[in-house]
Each structure stands twice: as C-alpha cells, then as structure tokens.
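Biologist: I'd like to learn how to read a fold from its coordinates. Could you walk me through a few features, one at a time?

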Amino acid sequence: MHDWLIGASFGNGLPQQAEANSQLPDVFEAPVLPLRDLVVYPRSVIPLTIGRERSLRALDVARSLGLAVAIAQKSPDAEDPRPSDLYDVGVAVAIGRMLNLPDGSASLIVQGRARVKVVEWLQATPFLMARVEVLHEPQTQSPATEALMRAVLTLFDKVVELNERIPEEAFVYAMNIHEPGWLADFIAQTMPLNVATRQSILEAVDPLSRLQKMSTILARELDVLELEDRIHERAQSEVDKSQREYYLREQLRSIQTELGEIDAGASEISLLRERLKKKALPDAVRERAEREINKLEQLHSMSPEVSMVRDYVEWLLDLPWTERTEDILDVERAARILDERHYGLTKAKERILEHIAVRKLKGSSSRSPILCFVGPPGTGKTSLARSIADSLGRRFVRMSVGGVHDEAEIRGHRRTYIGALPGRILQTMCRAGTINPLFVLDEIDKLGSDFRGDPSAALLEVLDPEQNFEFEDHYLDMPYDLSQVMWVTTANYLYDIPPALRDRMEVIEFTGYVEEEKLQIARRFLVPKQIADNGLQAEGSNGHPPVTFSDEVLRHIIREYTYEAGVRNLDRAIATICRKIARRVAEGKPHVRRLTPGALHRFLGPPQFDFGKVDEQDQIGVANGVAWDEAGGDLMQVEVTLMEGKGELTLTGQLGEVMQESAKAALSYARARANELGIPKKTFEKHDIHIHVPEGAISKEGPSAGITMATALISALTKIPVRRDVAMTGEITLRGRVLPIGGLKEKLMAAHRAGIRTFIFPKKNAKDLAEVPKRIQRDTTLIQVATMDEVLRAALIRQPQPLPPEQHDNGASKPRRTRKTTKRTNAKQSSRPSKPVRRARVPRPILPGAMVARVRHHRQ
C-alpha cells in the first residue's frame, strides 16, 4: 500500500514543495469527495479511484474548478454518505491527471494543498457541496522543535528498519523535510495506521502538537515491531533446529540401513503387533487397534502425532477387556474372613453374604450391588471393602474422588489435546488388570464442581447398572464395560452426596463404635497388631508378649485419652505405649509387663477427656439427660434455678434453636399443668427462670432433651428433688406426650458407663433395644414412657400434690391488670438488647394470623 503512496509522492509531476495553502482564499466553496479507508494530507500526492455516482458528479464540477475537498468517511460501510457520515476536517486537493475506466469509474491523481474545515454544508444532492475554511498552520522554529524532529526521525528510522512494508527511501525523503508539520504529515501518510488515527493527525493544526502525537505513535509501533522481531527470531530458531534434527535423523536412518540395523520405530510397531496378536480383545477393539497401528506405520518418525497414536494403542492393549477372576462363592468362608478381620458391622456383613448367596444360586447373570458405606472417619469402611474383596477372591482397587473438580478426571480428555490421558476410572481399571475387581470410590461426598464441569454428573453413568456396560471415556472414544465391577463408595455425610447419585446406591450406615465395641476391637485386633509391629512379640517368654493390656486399662484409654467415632486414636494410643516399652526393652532397662490404670499417665500423660458421672446426692432442679453424636454418647445434666423477677425465661449453654424450643415447650407444659403439679400461680409471675446446660463451649441441638428440661423445671418449681441415678431422653409436646428420639443405643450405653441404673426413654423407641447389648439391658432398669406423668413418677423422689380448688388459676384475671402486665412486659422486651439470630436447620414458615396477633398484642 505504501510503496505506491511514496512513489506517487516522488514521481507524478506535481509540485511537491510549493506552499500548501498558496493561492487559496480563506473561505471558499467546493465539491466534496468522500474517501473510504483513506486520509489525504497537504503536500501528498495520492491516486484515487472514483466509482460512486455522486462522487463522479462532484468530480466533474471539481475538474472545471480545478479544486475539490477530500474528506474521510467515519465508517467505510456507508455506500451513500451524508454530511453526518463525514469528518469535519479534510484537505483541499488539486486535480491532476485523470483517466476514465471501462467500468464507468475514474482514476485520477490528486495533491493535497491545505487543511480545511467545513463551515456549512451547501447541498447533499446531486453531489456534496460545502463551504470550507482554510486552517492556517502557525510557523514555529525553535530548539525544542528541532529536538523533537530529530527524535521523531530517529524513531522513524528504526521503524523503517524493522517494517519491511515501508521502503528505505521513505526515511531518506523524511530527512530532507525541514518543517515539523510537513514531517508529521509525511510519516502519518507512510505508516500503516487506521483511519481514526490518521484523522487525529490531520485535525491537529499546531505542527508541534502534531509532531508530538506522531512521536507517541512511532514509539508504540516500534515496541510492537521489536516484539514481532523477537518472536520471529525465536520461531526461526526452532524451525532451524527442527530442520537440523530432521537432516541428522535421516542421515542416521541411512547409516542404520547400510549397517543392517533395525529401525527403532519399526521395532516398536513390531512389538505392538505381537502384543495385539496375543491379547484377547473384542472384535471392534481389535479392528480399532489394527487401524491405529497401520496409521502409525505410515507416519514419519518426526511427526508429533506418532507419540499420540502409540500411546493410544498402548492404552488399548493395557486395559483389561476379557481378563477376569473367578468369584469364590463360599458363604461360610466369606463370613469367617469378615468376622476375623472386623468386629460388629452386622448390616454390612449380612448384605455381602446375601450377595454371595444370590450369586451362587443365580450365577453370573446377577448384578453386582452398588454399595455406599456412610459413617464417621475411622469406622472401618475402606478396610471392610478390602476384606470383601478378599472373601470374594477379587482384585481390590481404590480411587479417592475427594476434592475432584474436573469432569475430565472421570471421563478423560479427548485425544486432540496434547498430553491427553484416559480418565481415572479407566486408569484404575488398567491397574486392576481384570474387568471384575472390587472398585472403591473413596470420599464420594467430597466431590466438587466448577467451570470445568461436575464430576458427580459423570459418575451417574459409572454407577448406573443400566448404563455402565458401555461407559464412554473421551480418550478411549469407544464403549467400555464396567457392569461386572463391584462398586463400593464411602462417605462421611450422606446429605453431601447429590440426590441423583445417592439414588443409584444402596446406603449402609456405619454408626460410631460404642465403648464395648471399641474394647472388643482393641482386644482382638489393635493390641496384637501393635505388639507385633513394635517387635515386642519375640521378647516374651513361652510365646507370651512382655506386656498385657487388661480390659480395665483399655477402658481407661477409651474414656480418658480418646473421643472419636472410630478407633484410629485408640490405635495410636496403644502404639505409643508399645513404642515406649520397646525402647526400654531395646535399652535393656526394666519395663512394665502388666499395665495398670495408674501407670497410664507415664506413657500417655494426663487424661485428655472426661465423661459424665452420677452425682453423689439427689438435687432440686437438676436432671440427668443423655447426649449423642458420632463419637458416642455422654451424660448431660440440665440445671434449673428460680430467682425473684418478673417471669422471664433465660436459656444458656449454647443451645440450638430446636433445643430452645424444647425448653419453651417444657415451660408451657408446666404452666398449663400448674394446678395438678401444685405450683402456685404467683411463682411464674414473680420469679425468673434460668435453664442452663453445662459445658457452654460445646454447641447443643436437638429435641431429645425435652423431658429432661421439663423434669428439672418441675423439680425447681415444686421443690422436689430428682433421683440422681435416673437418666432420661425424649421429646416433649405441649400436651405432655413423649415422642421418639435417635441414638438410643449410644445414649443407653453412656448412661450405664456413668453409673445410671434407671433409664427412661420413649415407648416408641422400644424397637431399638434390639441393638443394645443384653448385659447393658440386664444391669439397667428400663422404663418406657408415653407421657410426662409417667416420667415424673419415675424421676422424682415423691409426687407433687395438686393445689386446693380455691387456689386454682382459672385464667380469670382482671382485664386492666392483664393489659398493664402485657404492656409492661412488652415494654421490657422492647428495651431488651436484641440477641443474635441463629440460622435454623429447616426454615419454618410463620402463619399470617400469628404475625397479626403478635402486632396487636404489642399495640395494646
């Protein structure tokens, strides 16, 4: 583009260095030639091609006048430009040679004479005509101007040197320009700039300002050209290196051919064909592998596609397609293995034995179950899966999906990507080596999702028996059968698993171990394992280890040094004791051979945990409740005290919203039954009630402490002590009914551990007693209750006496007194500082009627 511009400027016969605006009036009228993607500068000579009808008519008038105004269009897409489509500043041009072309257009040469600005548009049809004003340039010559011209020439020299599209003659011509404005115009005409930038240079009337703009443009262009030059040099270096390597490898191949040596590529292909011949594959897979090997033979050894094709063929050959292990369908053997390695876990064991029995009767046509083991950490989920694999005689493989955010981790990447691999499902199957392993997906509740996809959605196909027989991996790009895999997933929390994924699995819950189960696990598994791992077995006499752990010692370790749902910390505590004894044995020093509870502090330090114990005497306003979490159960006392006040209720102990509602329900029950319980009416009006659950640093939640709170509250109101050897659990209603709760087994065993010999629980929980050890049931008096009256008969040392009829509260208070009390109570409530709002676990809607009643009560 710029070659003919410069050539036109040099050799068209028009005067180049005459005064640009000589012989032009300050204001004149002339036809306007709209220009697309072009800006004309004063003193420049430009060839134009005119083809639009209105422009041809303007050209006829311009030839008669010898003068026209060239103005650039704002948008090159405007086919029939109007005055609003043109810039306000243009250039008055002299018409030079003109040539009519066969297609009706005209080619001519114009020379810019002076900058002009449109003062008024005279007409738009049949051609554009405008009155313009000449913009005179101030003449400035100063040392600063000279310095700026030299700086611009230096930048322009570097740009010409790096830009091959600008001829070297352009810099020579620029060196002979001595006017700053002309120099800026010439460089702008020569540089590859867009129309907007060119127009900004044209509209800068002051030569110094115009030259400064041009300096900025040149500096920016120079930075881009230098970066392009560096990139080009780097790319050229890589190309030269590749060409050199190609030449040397071709020479090496020729030398190997002359010496009779086998080509490495041919050797790899021969090895792949040999593996393909020996591998048992489905017909479709074999055909695909042969096609890929044939493609590999045709590729040049230096082609980047060689490694991609070779890796794909190797994955096809490494994956198990028909290899399988025969299941051992011996129910008795499987039961023996599971019992030897795991204590408890009855439901999981029964489900596996049922599967083995069905498989034995029905054969391979039965589907493998998709199990989900859900429970706290350390309860034996993964280790049980390994034992199941051993009992069935299957390979065991494990894949942790915790923290996986990318769907490609499951399905793999497509082969078009560099470094693509199959998903982790197929990689694990390749490691298993058979098509029917026991596959554990660990921590499935900790899957993530982000912009890269949702891995749980990809697992829907994997864990669906209706789909997984033709699982599609993006890398493999062909169906793979996963239907013969026995899937076992593990999770800590069931509600974190997406519902669609949870629906495809059979959930087996692993509850936390209670103390008796931990004791049996430690005695049968943990102690022998740690004695053997620490080398203490060989030190004993007559095959007996040098140290023994009695049940009493193990109970102290469980109660005072661990607090967990599983047995990992228990295992660590036993390991610590064994290591310390092993050190003394290795040093030849005397060591403990029979541990006692008093010696534990020497090995494990002071006790780390405490558990609830029965009080020494019966107390008023104190009742024994039972709490339960995934780490087990514990005794939880509820304390109630009365103080002189105005009937306010205070709840402390970091109680959750549901537990606070249970306390309010207990208070409402006590007030409603005040006459039967012998509680005077003035007791509620003149006393504040404070309910506290100790250990305030621990948050507490749930409705199962309802009857405990009600018992302690009624005890405080009636001044009747609560039996210290009684513990209770159950939800209370406003009518005094006792509703069922959860975790009965853990709660009952915690109460027994604390020395409780009478346990009150809801009658509807009687079915849960099947899970409680018989020894605990024999040692404890179990009282099933359905109402609060039954609870009070069993918990209080004596029964409250009803009030005489004359003292009954029939609710016939005077209206005025009620209003005053209500107003005073509400005023106090409104002045009370607001409490932080707890987030409810389940949102509860507020009925419109209740809200209206609350507002009316406040206004009275």
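Biologist: Let's start with one side chain. Is Leu338 buried or exposed?

Modeller: This is a predicted model, so keep that in mind throughout. The cut-off for buried is under 20% relative accessible area. Leu338 has 0% relative accessibility, so it counts as buried. The residue belongs to helix α11, which covers residues 331-341.

Biologist: Which residues is Leu338 in contact with, leaving aside its neighbours within four places in sequence?

Modeller: Lys349, Ile352, Leu353, Leu384, Ser387 and Ile388. Take Ile352 from that list: 14 residues separate Leu338 and Ile352 in sequence, and their C-alpha atoms are 9.6 Å apart.

Biologist: And the protein as a whole, what share of its residues counts as buried?

Modeller: Of 860 residues, 45% count as buried. For contacts with a separation of 6 or more, 74% come from residues 24 or more positions apart. The secondary structure comes to 30 helices and 22 strands.

Biologist: Now sheets. How do I read one?

Modeller: Sheet strands pair through backbone hydrogen bonds, in either a parallel or an antiparallel way. Here's one case: 5 strands in the order β8-β9-β12-β7-β13 make an open sheet with parallel pairing. The edges are β8 (396-400) and β13 (506-509); each has a single partner strand, so one side of each is left without a neighbour in the sheet. On average, neighbouring strands here are turned by 20° against each other, direction ignored.

Biologist: How many bridges join β8 to β9?

Modeller: 5 bridges, with β9 spanning residues 438-442 and the two strands running parallel.

Biologist: Which strands does helix α12 lie across?

Modeller: Helix α12 (residues 346-362) lies across β7 (370-374), β12 (486-491) and β13, and runs at about 145° to β13.

Biologist: What is the strand order in the sheet that has mixed pairing?

Modeller: That order is β16-β17-β15-β14-β18-β21-β22, an open sheet of 7 strands. At its edges you'll find β16 (649-652) and β22 (781-785), each pairing on one side only. Neighbouring strands in this sheet are turned by 25° against each other on average, again ignoring direction.

Biologist: Where would I look for a parallel pair in there?

Modeller: Asn624 has Ala727 in β18 as its bridge partner. Helix α25 (residues 706-718) packs on the sheet and touches β14, β15, β17 and β18, its direction making about 30° with that of β15. Then there's helix α22 (residues 657-672), lying across β15 (632-644), β16 and β17 (687-692) at about 145° to β16.

Biologist: Why is strand β1 described as largely enclosed by the rest of the structure?

Modeller: Count its buried residues: 7 of the 9 residues in β1 (residues 27-35) are buried, so the rest of the structure largely encloses the strand. As for pairing, 5 bridges join β1 to β6 (residues 129-134), running antiparallel, while 4 bridges join β1 to β3 (residues 67-72), running parallel. Glu29 stands opposite Arg131 in β6, and Leu33 stands opposite Ala70 in β3.

Biologist: How do I spot the buried face of a helix?

Modeller: An α-helix has 3.6 residues a turn, so residues three or four places apart point the same way. In α28 (residues 788-795), the buried residues are Met788, Val791, Leu792, Ala794 and Ala795. Down the axis of α28, these buried residues fall within an arc of 165°, so they line one face of the helix.

Biologist: Last topic, rings. How many aromatic pairs does a search of the whole structure find?

Modeller: The search finds 7 aromatic pairs. One of them is Tyr493 with Tyr495, a tilted pair at 5.8 Å centre to centre with 40° between the planes. Tyr493 is partly exposed at 36% relative accessibility, whereas Tyr495 is exposed, at 65% relative accessible area.

Biologist: Which charged residues sit over rings?

Modeller: Among them are two arginines: Arg43 lies over the face of Trp182, 4.8 Å from the ring centre, and the charged end of Arg415 sits over the ring of Tyr312, 3.8 Å from its centre.

Definitions and conventions. Residues are numbered from 1 along each chain as its sequence is written. This is a predicted model: local features need pLDDT of at least 70, side-chain atom pairs count only at pLDDT 80 or more; totals for chains, interfaces and linings use all residues. Side-chain values use heavy atoms; hydrogens and water are left out. Two strands pair if DSSP finds at least two bridges between them. Axes are lines fitted to C-alpha atoms, for helices over the stretch in contact, and angles run from 0 to 180 degrees between N-to-C directions. Contact means heavy atoms within 4.5 Å. Buried means under 20% relative accessible area, exposed over 50%, partly exposed in between (1.4 Å probe, protein chains only). The arc is that of the directions from the helix axis to the C-beta atoms. Rings of Phe, Tyr and Trp (its six-membered ring) pair if their centres lie within 6.5 Å; planes under 30 degrees apart count as stacked, over 60 as edge-to-face and the rest as tilted. A charge sits over a ring if NZ of Lys or CZ of Arg is within 6 Å of the ring centre and within 35 degrees of the ring normal.
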